[in-house]
Amino acid sequence: MFQFLIDTLVRTSDLALVALGLSLVYGLVKFPNIAHVQYAMLGAYLSYFFQAAGVPMALAILLSCCAVGALTLVLHLLVFRRLLRSGPAITMIGSLALAMLMVAFTLGLFGSFPLMFKLPLTAPLQIGEVRIGHTQLYALATTVLLLVLFSALLFYTSTGRAMRALSCNRALAAASGLNAENITRLVNFSSGALAALGGSMLAMTSGAHVNLGYDMLLPVFAAAILGGLGNPLGAVAGAFLIALTETVVTNLNFGWLLGKPVAFLPVAYISAASFLILLLALLFKPYGLFDREVRRV
Amino acid sequence: MFDFLIFSLTIAGIYAIMALGLNLQAGYAGLLNFGHIAFAGIGAYATGILTAAGYPALVGACVGVLVAVVLGWCIARLGRQLGADYWGIATLAIAEILRTVATNEDWLTGGAQGISAIAFPLGNLPRPWGALGFLALVLALLWVLALASQRLGDGRFGRALRLMREEPKLAACMGYDLRALKSRAIMAGAATTAIAGSLYAHYMSFVGPDYMLASETFMLWTMLMIGGMGNTVGVITGVLLVQAAYCLVPFAKDSLHFGSDIAGALRIGLIGLILLLSLLWRSQGLIPEKLRKIQ
């Protein structure tokens, strides 16, 4: 039972930071950025690159976060701001093109073989009946710490209040004298850095590979939509829900339904489970589970 | 070389039919369908399954078209209350679910191995003539479908779709049923694309889950965005350009001695770069759609 909970939490921490960044940026620029999951992939490769160059692991991740954050900012200023003038649909297709370029770049530079970090081998921790790897534990702790810090930023500082005001009503926030451009830049930088961190921590267990971004695309979008795009903490809750479903689907023994002692769903259907939640969410709660606004159609 | 040229042209023709199907939805009606390749996959699988069961090729194609139209109707129903970008993500999810099902249901689709040895319709002709005949068949179908799509686009239906894309509220005020317009556009696009999928399965003598990769849909979008959405000539121009870029990659690989990873990267990167540049500097495409202005 505890193992089940830990598995869920580990998977949540894989998705949460990336989904959080996606949702945060959507609140300000109002288009779903398909390239966002590729920032996680780039972050993983950059961390690998720095670590292989001899930088200690934590510093390597920090450097990669800053680099990817800067890249996100540059892309926002040079590409997305220009595309947004032609509307969100065009921008979404533009982000698709950027995602393809990033994949092509990494594929050409690093090849298609997954690159494993050189980490010291350690036996997994055993607490009671629960097993968890050291890297997974660190990743989980980092995610929790960052989420706490981020919520504090969002709810107890003036910058956080400005972010919420901007994502709620841009015109009104601008009219009250908020510097929208500065805050958008800050949010873009931090969303890229968060994605890079999420990707790097995921890559510590699975290795940095080219499909890291694409594999995350639909679960991350499902999480962000479940939480309501533009609601960052909702995205974290969405990530937990997705992780819970995936873990239930893999661990549930529904042999009693078929009259067999053991019957599990094929592992390949795990990803389909999160897409199915996405579809159900879109059908019944298209603006997220935590949507309290009344909309006129 | 001659064989390669025929092969490239045939594939370009098949992709052009798929792109025409997407153009009905994305170009005329402005719908963000990111799961378009699912329709082609259904056409291909229907052909594969039914011809393997011994039915004639025409039955396979017809069933594929029917199933694709039904799926199109369901997707349109799903989109009733969603914003355009949310709907785009939903279509992406549907295509991925279908691909997962196709990969795992071995009894129906042959799983990851797919279905091979689908009969090539003109396979009993001597060597260059079979491929040439198939190319002629593809081009004839493309011609018919392009004409039909042009007529549809210029006629009452196409004008209603354009009005819905540009001014949805005005269209609703004029008495158009927007939901019905959307579903009809999607169903028409689905039927066209399923035909192309069926042709592809026959030409390759194979169908597998890789036909439904999301990157295929993105490639169709690239073709549309480069050539010009909502314009039949533009769509075909875009298909030819992208296909030409794709065909150059193997030559570059051989003459510059790349590995296969770099060749793959070159292929994706080239498409991404062209798409991005055309979006930044010419978001209407090379041959833009002509819109009549109301004075």
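Where in chain B is B:Ser205 placed?

Analyst: B:Ser205 sits in the loop between helix H9 (178–204) and strand S2 (206–207) of chain B. Helices (H or I, at least four residues) and strands (E, at least two) are DSSP runs, numbered from the N terminus.

Before going on, a word on how to read this model. It is a predicted model, in which local features need pLDDT of at least 70 and side-chain atom pairs count only at pLDDT 80 or more, while totals for chains, interfaces and linings use all residues. Residues are numbered from 1 along each chain as its sequence is written, chains are lettered from A and ligands numbered from 1 in the order in which they are written, and side-chain values use heavy atoms, leaving out hydrogens and water.

Now look at the backbone of your residue. B:Ser205 has a positive phi of about 55° although it is not a glycine. Most residues other than glycine have a negative phi. With a relative accessibility of 22%, B:Ser205 counts as partly exposed, since buried means under 20% relative accessible area, exposed over 50%, and partly exposed in between (1.4 Å probe, protein chains only).

Helix H9 of chain B holds B:His202, which is buried at 5% relative accessibility. Setting aside residues up to four places away in sequence, B:His202 touches B:Thr47, B:Thr51, B:Ala57, B:Ile118, B:Ala119, B:Phe120, B:Pro121 and B:Phe134; contact means heavy atoms within 4.5 Å.

A:Lys30, not a glycine either, has a positive phi of about 60°. A:Lys30 belongs to the loop between helix H1 (2–29) and helix H2 (36–52) of chain A, and its relative accessible area of 43% makes it partly exposed.

A:Lys30 has a partner in A:Ser167, which, leaving aside neighbours within four places in sequence, is in contact with A:Gly27, A:Leu28, A:Lys30 and A:Gly230. A:Ser167 lies in helix H6 (residues 158–168) of chain A and is partly exposed at 23%. Its C-alpha atom is 25 Å from that of A:Gly199, a residue 32 places away along the chain.

Next, follow H1(A) itself. The axes of H1(A) and helix H8 (residues 180–206) of chain A come within 8 Å and cross at roughly 165°. Axes are lines fitted to C-alpha atoms, for helices over the stretch in contact, with angles from 0 to 180 degrees between N-to-C directions. The two helices are therefore roughly antiparallel (under 35 degrees is roughly parallel, over 145 roughly antiparallel, 65 to 115 roughly perpendicular and the rest oblique). H1(A) passes H8(A) in a left-handed crossing, where the near helix is turned anticlockwise from the far one by less than a right angle (clockwise would be right-handed). Among the residues making this contact are A:Leu17, A:Leu24 and A:Leu28 of H1(A) and A:Val187, A:Leu194 and A:Met201 of H8(A). The contact residues divide into 14 nonpolar, five polar and one charged; Ala, Val, Leu, Ile, Met, Phe, Trp, Tyr, Cys and Pro count as nonpolar, Asp, Glu, Lys and Arg as charged, and the others, Gly among them, as polar.

How far can you trust chain A? Its mean pLDDT is 84, and 95% of its residues reach 70 or more (pLDDT is the predictor's confidence in each residue, from 0 to 100). Within chain A, confidence is highest in H2(A), at 93, and lowest in helix H11 (residues 255–258), at a mean of 68. Where pLDDT is low, the predicted coordinates should not be read in detail.
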